[in-house]
Amino acid sequence: MAVAELSLSYTKTHLQSSQISFLSNRLYNHRRCAFRPFPRATSTAISCSVAPNQVKPPVAVQDEDPKNKSECYGVFCLTYDLKAEEETKSWKKLINIAVSGAAGMISNHLLFKLASGEVLGPDQPIALKLLGSERSFQALEGVAMELEDCLFPLLREVSIGIDPYDVFQDVEWALLIGAKPRGPGMERADLLDINGQIFAEQGKALNAVASRNVKVVVVGNPCNTNALICMKNAPNIPAKNFHALTRLDENRAKCQLALKAGVFYDKVSNVTIWGNHSTTQVPDFLNARINGLRVKEVIKDHKWLEEEFTEKVQKRGGVLIQKWGRSSAASTAVSIVDAMRSLVTPTPEGDWFSSGVYTNGNPYGIAEDIVFSMPCRSKGDGDYELVKDVIFDDYLMRRINKTEAELLAEKRCVAHLTGEGIAFCDLPEDTMLPGEM
């Protein structure tokens with residue numbers, strides 16, 4: 001059965017077989033409708049079911065308020081079977097992917113990569129569930145229209161909404177991009193609180209309605225602590241399933257090392273970003289390799305590595321904003337794709353990737369109960385393990401200790417959102433990335 005819902009305060013639209021259902025002023029005479037209240041007193045939702053192969057010409061129906069009428073029509077009203085067509089018989093089971101901030105610039109690049117099969121493969125049909133706000137809902141409709149016009153065969157369903165408890169229903173991936181930017185004069189503690197509340201609510205929604213093995217990638221900044229907040233509010237989901245996106249930082253580090261060594265990107269491996277997605281992040285050149293050799297054997301200018309290289313990676317986003325007038329969107333979307341692929345594709349032998357993950361049980365002596373970017377390997381099953389064969393020197397440990405202290409301070413600052421008591425903010429300094437302004 002196909003289901004459409006309409007509310008004065010909340011609207012959800014599904015697309016099936018790459019078709020959008022728009023709202024209009026007619027009802028089919030064969031429809032069964034059930035009414036249920038929404039939290040707002042002025043809202044009424046209509047849930048309508050249509051039996052397959054029973055679509056009939058619409059007939060006029062009298063209603064006191066035409067705005068309360070809805071129509072489902074076309075392919076949206078029909079059911080389909082992925083096993084019925086020759087092309088789709090070999091496809092995998094359809095999976096649900098939720099994206100918050102779906103009307104934003106990052107999503108505008110990411111959604112089309114997901115829908116094309118570029119991320120999860122040419123035999124993986126998907127349903128996209130797009131979360132926005134009341135203000136962005138019309139833009140979400142435009143995004144859905146563009147997705148429809150692309151005719152992606154793997155994109156079997158699209159739904160849009162502003163209620164995470166509805167949008168996150170049964171999702172197997174949750175890509176949490178939406179967050180408020182840092183406004184003029186706003187302290188970092190204020191941003192931690194404002195965005196933390198968003199991710200606390202989304203964590204509760206995931207805990208209530210998502211797949212028990214949902215993989216969560218937090219992109220909205222400050223992403224490490226937002227991931228911790230989301231995780232703490234979703235106790236029924238394994239803590240290991242939560243990731244803070246530091247892959248863009250890793251990609252930037254690889255770019256700088258390749259440029260300095262005069263090689264292409266694919267010659268650079270074993271790059272780790274340690275710690276927080278802030279200007280305290282630690283791009284690790286000690287364990288990185290170029291053409292299989294340790295970086296310090298290839299790049300003899302060790303002062304450049306410790307100073308210019310590290311600062312370039314930390315401040316790359318700010319330089320981009322100065323050049324272009326806006327923060328990175330396409331490269332962030334690509335890094336989300338890379339992060340997902342790293343979990344669903346076996347890691348090449350001897351290599352690893354960076355991700356902000358929960359520190360409990362880590363082998364490095366890093367404080368537990370925070371989300372910290374560390375080197376990971378995956379067998380391609382969506383899970384990962386921490387890399388043990390890494391080395392440390394005094395320089396690397398000093399940098400790691402600094403970013404660890406910052407994350408512990410952020411954790412104290414959001415204690416009221418993680419169920420750990422009264423918040424106490426003693427952030428050592430303002431290390432917010434320029435892109436968060």
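Residues are numbered from 1 along each chain as its sequence is written, and side-chain values rest on heavy atoms, with hydrogens and water left out. Because the model is predicted, local features require pLDDT of at least 70 and side-chain atom pairs count only at pLDDT 80 or more, while totals for chains, interfaces and linings use all residues.

The chain contains 11 helices and 19 strands, defined as DSSP runs numbered from the N terminus (helices, H or I, at least four residues; strands, E, at least two). Of its 437 residues, 54% count as buried, where buried denotes under 20% relative accessible area, exposed over 50% and partly exposed in between (1.4 Å probe, protein chains only). Among contacts (heavy atoms within 4.5 Å) between residues at least 6 apart in sequence, 73% join residues at least 24 apart.

Helix H4 comprises 22 residues (188-209), which at 1.5 Å a residue should span 32 Å; the end C-alpha atoms are 31 Å apart, in agreement with that value. The expected span is 1.5 Å times one less than the number of residues. H4 bends by about 25° at Gly196, the bend being the angle between axes fitted to the seven residues ending at a residue and the seven starting there.

Strand S9 (residues 173-176) is covered on both faces, with Trp173 and Leu175 buried on one side and Ala174 and Leu176 buried on the other. Strands are taken to pair if DSSP finds at least two bridges between them. S9 pairs in the parallel sense with strand S6 (residues 95-100) over four bridges, and Leu176 is the bridge partner of Ser100. Four bridges also join S9 to strand S10 (residues 215-218), again in parallel, with Ala174 opposite Val216.

An open antiparallel sheet is formed by three strands in the order S12-S15-S16. Strands S12 (268-269) and S16 (293-294) stand at the edges with a single partner strand each, so one side of each lacks a neighbour in the sheet. Two bridges link S15 (residues 289-290) to S16, and Arg289 has Arg294 as its bridge partner.

Pro375 lies in strand S18 (residues 371-377) and is buried, with a relative accessible area of 0%. The C-alpha atoms of Pro375 and Asp351, 24 residues apart along the chain, are separated by 9.4 Å. Lys411, in helix H10 (residues 394-413), also counts as buried, at 15% relative accessibility. Leaving aside neighbours within four places in sequence, Lys411 is in contact with Leu228, Glu368, Asp369, Ile370 and Glu420.

The largest nonpolar core has 56 residues, and those with the most contacts inside it are Ile97, Leu114, Leu128, Leu130, Leu147, Leu175 and Trp274. A second, separate core of 26 residues includes Ala98, Leu228, Cys230 and Phe242. Such a core is a set of buried Ala, Val, Leu, Ile, Met, Phe, Trp, Tyr and Cys residues joined through side-chain atoms within 4.5 Å.
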